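Visitor: I am new to this structure. Could you show me how to read its helices?

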Amino acid sequence: MFRKMFPPLHFHPVFILFIFISILTGTFMELLIIFTIVFIHEMGHYFMAKAFKWRIRKVMLWVFGGVMETEEHGNRSIKEDVLVTIAGPIQHIFIYLLLYILLISGILNEAIFNTAISYNTVILIFNLLPIWPLDGGKLLFILMSVKYPYRKAMDAILLISMILSILFIVMHMFFYPFTLSFTLIMLFLFIENRLEWKRRFFIFLRFLLERYRGNNAVGKPEVLHLPGNISLMEAFSLFKREKKHTIAIKDQHTVHRIDETDCLHAYFHKKQYNRQIYDILNDS
């Protein structure tokens, strides 16, 4: 029953490193408090996603945060995406209430209470930073993907995240007392986003594949006026979330229209990777 209720939990090597550091430095109680807060935070994401029947692979925990890995790649509605994302930070409000109840009831002493309150605040603020894959970064990505094409929004959030990670490290070194933990966490975020940058084309392909399979939330129709000599991938790069695209090609005095489904079918089923939009129009 426990396995059905909770997702597979994995611990990032960074988190395991901090466990050893906490044992050596005598700060295991602080780490236990952090783990409890992070676990509750991630369960907020998980249970909200489960309510929407998302396909969830696992939850990866690391210091001051975690990542819920799913099979959903921009194919769910923006409303669902927002609710799943904010479900984590909302748990911190309940944690504050729980801590006050435990203090008043005498279960927690004041020292542990103050430590837990402090860490709960730090973890909440940290997760709201506009860096991918933190909740703040996800919310910024969702906001950008409402206005801009999915691929452009993904490229933008990864670039912003890498720049901010380095900027925070530099600011921390010059303006605040140096702490190894903060530097390691920001370095970890930079490396994660650098890896995602290298994988961004395959992330985009998963997004397109979900559209082709019909697993994508579709909203209002949108017409893309494009030249006929544009490649399929160039056209796909203009696709937006929750939009059903029709591609319009003007040929002298006639406007030809082709549905995005025909283009996706040509790419994924017929494997016509190098075809142009006009070629697909002539085939249809």
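**Reading helix contacts**

Guide: Start with a pair: α9 and α11 are oblique to each other. Keep in mind that this is a predicted model.

Visitor: At roughly what angle do the axes of α9 and α11 cross?

Guide: Angles over 145 degrees count as roughly antiparallel, 65 to 115 as roughly perpendicular. The axes of α9 (residues 200–212) and α11 (residues 260–268) cross at roughly 120 degrees and come within 10 Å. That is why the pair counts as oblique. The crossing of α9 past α11 is left-handed.

Visitor: Which residues make the contact?

Guide: From α9 come F201, L205, L208, L209, R211 and Y212. From α11 come E260, L264, H265, Y267 and F268. By type, the contact of α9 with α11 has 8 nonpolar, 1 polar and 2 charged residues.

Visitor: Which residues of α11 are buried, and what covers them?

Guide: Buried means under 20% relative accessible area. In α11 the buried residues are E260, C263, L264, A266, Y267 and F268. Their cover includes α9, α10 (232–236), β5 (243–251), β6 (254–259) and α12 (277–283).

Visitor: Now α3. What span should its 24 residues have?

Guide: Helix α3 covers residues 28–51 and should span 34 Å, at 1.5 Å a residue. The C-alpha atoms at its ends are 34 Å apart, so the two values agree.

Visitor: Which residues of α3 are buried?

Guide: First the general idea. An α-helix has 3.6 residues a turn, so residues three or four places apart point the same way. In α3 the buried residues include L31, I34, I37, V38, H41, E42, H45 and A49.

Visitor: What follows α3?

Guide: K53 follows α3, with a positive phi near 65 degrees.

Technical notes:
Residues numbered from 1 in each chain as written. Predicted model: local features only at pLDDT ≥ 70, side-chain atom pairs only at ≥ 80, totals over all residues. Heavy atoms only, no water. Axes fitted to C-alpha atoms, helices over the stretch in contact; angles between N-to-C directions. Helix = DSSP H or I, 4+ residues; strand = E, 2+ residues; numbered from the N terminus. Parallel < 35°, antiparallel > 145°, perpendicular 65-115°, else oblique. Left-handed = near helix turned anticlockwise from the far one by under 90°. Contact = heavy atoms within 4.5 Å. Nonpolar A, V, L, I, M, F, W, Y, C, P; charged D, E, K, R; others polar. Expected span 1.5 Å × (residues − 1). Buried < 20%, exposed > 50% of the residue type's maximum accessible area, 1.4 Å probe, protein only.
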